[in-house]
Amino acid sequence: QVQLTESGGGSVQPGDSLRLSCAFSGTTFISYTMGWFRQAPGREREFVAAASWNRGMTFYADSVKGRFTVARDNAEQKAYLQMTGLKPEDTALYFCTADKRLNPTEYDFWGQGTQVTVSA
């Protein structure tokens, strides 16, 4: 069974940076696409970014392109979301996800989430 544990959230000011980490355990990391989603209060959950198992192909939501970078370390079995130029609208609970499909719209496995708050 896949287990995902996020860390690295916090409260920052607009323009600051944060790096979220996701520790993966339970099975073979290299077989999974690692994704990040977020959900703000009163809003639907939305896709943020993903790093696939296939040569590390990456995918981004338009709202974060150029500001966020998704990465994976297969040796450490971790995924990362480097966030720069943070805006108040990036405030949300961020979830790490995993799925065996290349670029799924739904992910099979989810972490508990880590809170990111951006405010002046």
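Four strands are arranged in an open sheet in the order 1-3-8-7, with antiparallel pairing. Strands here are DSSP runs (E, at least two residues), numbered from the N terminus, and two strands pair if DSSP finds at least two bridges between them. Strand 1 (3-7) and strand 7 (68-73) each have a single partner strand and stand at the edges, so one side of each is left without a neighbour in the sheet. On average, neighbouring strands of this sheet are turned by 15 degrees against each other, direction ignored; the axes behind this angle are lines fitted to C-alpha atoms, and angles run from 0 to 180 degrees between N-to-C directions.

The model is predicted: local features need pLDDT of at least 70, side-chain atom pairs count only at pLDDT 80 or more, and totals for chains, interfaces and linings use all residues. Residues are numbered from 1 along each chain as its sequence is written, and side-chain values use heavy atoms, with hydrogens and water left out.

Strand 7 pairs with strand 8 (residues 78-83) in the antiparallel sense over 6 bridges. Phe68 has Met83, in strand 8, as its bridge partner.

The count of disulfides (cysteine sulfur atoms within 2.5 Å) comes to 1. The sulfur atoms of Cys22 and Cys96 lie 2.0 Å apart in this disulfide. Distant parts of the chain are linked by the pair, with Cys22 in strand 3 (residues 18-25) and Cys96 in strand 9 (residues 92-99), 74 residues apart. The torsion about the S-S bond of Cys22 and Cys96 is about -80 degrees, and the disulfide is therefore left-handed.
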